[in-house]
Amino acid sequence: MSRISTPAVSRWLRRWSFSIVVVLALAGLPPLRGWTDFDLLRLDHIIALVMVAIGLNVVTGFAGQLSLGPGAVFAVGGYVAAILAFHYPDHVNLPVMCAVGIGAAAIVGLIAGVPALRVSGFYLGMVTLYLALLIPSIVDSFEVTGGNNGIDLLQKFPDFTQDLSGMPLYEVTLGAMLAVVAFTGLLLYSRVGRRFTALRTSEVLAESLGVKAYRTKLLAFVISALPAGLGGAFYVYSQELISKSSIDPLISINLLAACVIGGFGRVWGPVVGGAIVLGLDQFGSNIPLVGERLQEWELLINGVLLILIILLLPEGLVGFRPLDALRRLRRRGVELRVVRFPPTVMSSGPPPLRRCAEPAGVFELSGISKRFGGVLAVDGVDLTLRPGSLHALIGPNGSGKTTLLNVASGFYRNDSGTMTVGNVRTRGGDAVGVARLGVARTFQTPKLIAGVSILDNVLVAADTTVACTGFESVFRLPRGIRCHHVARERALDCLRHVGLEAAAGLHAGEAPHGTRRLVEIARAMATDPLFLLLDEPAAGLSPAEVEGLKRMLRSLSAAGVGVLLVEHNMPLVLDLADEVTVLHRGSRIAHGGPAEVRRHPDVMRVYLGAA
Amino acid sequence: MLSDNVNALVIGVAIGSVYGLIAIGYSIVYAATRVFNLGQGDLITVGVLLSYYLLVVAGWVGLAAFAAIVASVAIISVIEERVVVRPALRRADSIGWFITTLAFGVIVRNIYQNLYGNAEARAIPSPLSSKAIQIGSVVISPQELLAIIALLAITVAVELFYHRTWWGHAMRATSEDRDTAALRGIDPGRVGLLAFAIGGCIAGIAGYVLGPILFSDVNEALSLSLKGFLAIAIGGFGSIRGALLGAWALGMTEQMVDLHSSAAYEPVAGLGLVLLVLIVRPTGIFGGAAEREV
Amino acid sequence: MSANGTLRVDDLHAGYGAIEVVHGVGLEVHPGETVCLLGRNGAGKTTTLSAIAGSCRDARGSIRLGERELRGLSAARVAGAGVAFVPEGHRIFRSLSVGENLRIGGFLRRRDPAAISADLSRMLELFPPLIGREKQVAGQLSGGEQQMVALAQALMTAPRVLILDEPSAGLGPLIVDAIYAAVRQLRDEGLALLIVEQAVERALRESDRAYVMEGGRVVLSGNTAELADDKRVAEIVLGEPTESPAG
């Protein structure tokens, strides 16, 4: 009947309806309800803090670095803006305060990010929480910050906010917050956001793609500081006051609560959670009958909410899908399902690789040793990986294959020996450096970014092959858009090559094991590698899939890639490999062509345990 | 001037012992469960306020009050383990416990703050004489001396427990490899419960010892929690000796900064010390070296 | 011993998260016999073992020891019921001493110190290289010695069934011989042993019966004497007949 309800429109509605409702509610509610200036002031207060929560969401929700620092950054941004306004009232207006607040915040964000270079997890959370605790006692003891009384702009300049107040101020504040929300939305779905989510999944994964973990972490801290500084400036401008009680460390905990309740990692999470937590804080006393009590027990209510959300809805309110939860509840306990994914047809045609077409040198490992405590896991092993050739590394479990692969890909520091790629000397322990020389790898237990699509998992690798800045990508500048298309095409090509094009849009977290391995191979291909290190790619694949894998691996080496195959599947190895190295108890016991190796008496002995 | 320095260092050890009493509670829980109990500071405050209530308001005698405090705080700690920690641990690879223990602390704090009301922080009588002891040029109050002794006594007791008892062995084994310990019949849930019970007892003892030093202040908990954390970050996670030495190092650094510059820089000095340790040795002085996992 | 000590697994389905890896495995291990479980990597052997030991709780089907149902019990309870599992990669408590590592295996019998010290000296008889090393920190031992500690620790729980996942992985031939000598002795004393082993010939030589897994199912089973001549075993485990004309 109606042509409007086409799938495109309903998709559009599903995607945007939430944003539209929130924006309309926020913009429309106060004028409709005829709120007083005092109410608006409290709304301004909430929105300023929500901006800080949005910053927290970037660093913790997107990039996975547990930080309670944005509270401290908010304080610094606010104080710097207030001090400036206090001393130069004639030259300082809202835009200037915002600029100053953001600038100061960026610097503090950088400082707050420094501990993150050494530690992570809850440890980082504690250090940054201490930072939030530190700021109030610092401002307490200096004159420039007004000591215990803080900086009271209203007292000094009664007409301070003259040019903007009441409803217009609320609208501007709201506009700023929406701009910040839009920014984080753009950020999340840009190459920067993809790097953040890769970092969140695993630092090891990020580094295997040539993404410098420390630089990405610092970037996350700096970006998260910007909205916090902006919030600080808006706070000072609207409240005309900043003091020790404005920056109580409890605020940091409230902000954490806001993000948890709304949902970390969701663009609207901090706004929804902030509305609940901070709304209760500011307007709880307005509620008839229970208002006063509510205020008294606010912390308790927040605490209980936090615990309930973490235990029952770990994705937060925004991420909560009632239908999925119901399904989960029904499936609870021991019932398992066999996930069906689109059938996989791997390609044996030319792979979408360019770099390896040009002649490159060999990847040479010589005399590599690695020791763990009393165990010598790899003992003076030599291995040469030639372009366009397939080198299999075999040996019984515990023989040191994966350890050697971890040294070769730069994750373990070798105790002795040398590594060169082409004629560039490199070393174990420098994963990013090795990756950037064109060495890509997969993991024995695939590391996929959960919560995003299979395509996005490959896209984060394809991003590394296009020349465009994060800025161009976030703000969708022409070059950013062009690069995105190129990277996306490349990612789809790689997925097509492993036979997963049809699954590109599916969630990576639901993929069965075999599919995960193939996604990892596609991701490694997407970095356009010269050398590809595969850790047991055939494990968990069906016999038919193994046949497809064989053809695909041949196509890769035919294209010029040097493939190192760590594998148990002997026939696969004997069939495919140009060269075979056999490890046993950390040492190389045989090396040569497959025919030669299979006749080697030592090889038969370690494989079969023959006396 | 030398005597000032010596005095500051001794006071540093005393203040450090206050941090150490918090840090050791963290350590024993962390070692057994890999959970850093952010509610520990609030548990200690409960101990402090209970000692105010029992000793000042209800007029109990010292020993009875002590037993009641330790038992009540341990019970709260056990409740915490059951209600907020264990359910959070069921979800693998999450730090949900960070938020639930923080929230538990906030809830406990809200309750005692409302019960205590807006009253001023009051002195809590010390079981010892209030007269300062002078040894050479060093002046120290008996209560501070008690904090040092209590910390040393708890350290020795915990080390003996770890090395001489079945449950101590079970706790160390669980700390190192939960799964393998479970395969040998050690229920990680019971180990966790025991750890929280011991952590609660230590918090109760700390509350009793610290009461006369801290007064019945309801706002100290968060800052104390974090000082305890700094001590552990310096000393190394899960190590009892590390907690002790880290706490003393922190206390002495603070007092020296206090003496030679200004009290305003005291908290900054603590953070600086931690960052320094992190740069040199990210796992703390007594923490084991960590190889990254691939 | 009676049927009371038999480990019987029926229609076991197990996996991780939403993904099922083992699809309906059945097997039996009687007291006084060694049974090996063969198959390629990814065939579901380790998942089967973990499900029996209670480490992997996403399982359905039945796992019984004698009359007692073990499925659904926690790992600690399964240990208490008399099943000891030694995972791959000699996972011992590296910061504890060797003596502490062994003694901790007696945790469930801690009220019986006499039995524990008797068993402790038995362990040193079974694994002579550990004699005199009791005070040493376990992490400093060689791989082979660590594996012996892991075995001894498991035996200290006084199990009726001992499950070993790749006991020879990464170890030298002399150590492997020593470990299998201990396995034979334990079997002769009436223990039920279930072993996953990669080296096919060694596994078939050391055990009485074998199950061969592929794709999460048991595809072949029987006496090792018969299976040793069965080409299909090598075909499944190694992928193809090993005596095929080479090159």
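In which sense do strand E7 (residues 161-165) and strand E8 (residues 192-196) of chain C pair, and over how many bridges? In this predicted model, the two strands of chain C pair in the parallel sense, over five bridges. The legends below treat this pair and other parts of the model in turn.

**Figure 1. Strands E7 and E8 of chain C within an open sheet of six strands.** The order of the strands is E6-E7-E8-E3-E9-E10 in chain C, and the pairing is mixed. Strand E6 (83-86) and strand E10 (217-223) of chain C have a single partner strand each and stand at the edges, so one side of each is left without a neighbour in the sheet. On average, and with direction ignored, neighbouring strands of this sheet are turned by 15° against each other. Within the pair formed by E7 and E8 of chain C, C:Ile163 stands opposite C:Leu194, a residue of E8(C).

**Figure 2. Helices H1 and H5 of chain C against the sheet.** Helix H1 (residues 45-53) of chain C lies across strand E3 (34-39), E6, E7, E8 and strand E9 (209-214) of chain C, and it runs at about 145° to E7(C). Helix H5 (residues 143-155) of chain C also packs on the sheet, where it touches E6 and E7 of chain C, and its direction makes about 170° with that of E6(C).

**Figure 3. Strand E9 of chain C between its two partners, E3(C) and E10(C).** E3(C) and E9(C) run parallel and are joined by five bridges, whereas E9(C) and E10(C) run antiparallel and are joined by six bridges. C:Met213 in E9(C) stands opposite C:Gly39, and in E10(C) the bridge partner of C:Met213 is C:Val218. Two residues lie between E9(C) and E10(C), which form a hairpin, and in the turn C:Gly215 has a positive phi of about 55°. E9(C) is mostly covered, with five of its six residues buried.

**Figure 4. The hairpin of strands E3 and E4 in chain A.** Strand E3 (residues 363-372) of chain A pairs with strand E4 (residues 375-385) of chain A in the antiparallel sense, over seven bridges. A:Lys370 stands opposite A:Val378, which belongs to E4(A). Two residues separate E3(A) from E4(A), and A:Gly373 in the turn has a positive phi of about 55°.

**Figure 5. The side of chain B that touches chain A.** In this view 35 residues of chain B are in contact with 34 residues of chain A. Helix H3 (62-90), helix H4 (96-116), helix H9 (221-235) and helix H11 (266-280) of chain B each supply at least two residues of this side of chain B, and H4(B) gives the largest share, 13 residues. Sorted by class, the side of chain B that touches chain A has 27 nonpolar, five polar and three charged residues.

**Figure 6. The largest nonpolar core and the surroundings of A:Leu495.** This core has 375 residues, of which A:Met51, A:Val458, A:Leu495, A:Ala522, B:Leu21, C:Val83 and C:Ile163 touch the most other members. Helix H1 (residues 2-33) of chain B gives the most to the core, with 18 residues. With neighbours within four places in sequence left aside, A:Leu495 is in contact with A:Ile454, A:Leu455, A:Val458, A:Leu500, A:Glu501, A:Ala504 and A:Ala522.

Figure 7. Chain B has 11 helices and two strands, and from the N terminus on its elements run α-α-α-α-β-β-α-α-α-α-α-α-α. The C-alpha trace of chain B spans about 55 × 45 × 35 Å along its principal axes, and its radius of gyration of 19 Å agrees with the value near 19 Å that a compact globule of 294 residues would have. Buried residues make up 55% of chain B, and of its contacts between residues at least 6 apart in sequence, 76% join residues at least 24 apart.

Chain C has nine helices and 10 strands. Its radius of gyration is 18 Å, close to the 18 Å that the globule rule gives for 247 residues, so chain C is as compact as a globular protein of that length. Of the residues of chain C, 52% count as buried, and among its contacts between residues at least 6 apart in sequence, 66% join residues at least 24 apart.

Conventions: Residues numbered from 1 in each chain as written. Chains lettered and ligands numbered in written order. Predicted model: local features only at pLDDT ≥ 70, side-chain atom pairs only at ≥ 80, totals over all residues. Core = buried A, V, L, I, M, F, W, Y, C linked by C-beta atoms within 7 Å. Buried ≥ 20, exposed ≤ 12 C-beta atoms within 10 Å, placed from the backbone. Helix = DSSP H or I, 4+ residues; strand = E, 2+ residues; numbered from the N terminus. Contact = placed C-beta atoms within 7 Å. Nonpolar A, V, L, I, M, F, W, Y, C, P; charged D, E, K, R; others polar. Pairing = 2+ DSSP bridges. Axes fitted to C-alpha atoms, helices over the stretch in contact; angles between N-to-C directions. Rg over C-alpha atoms; globule rule 2.2 N^0.38 Å.
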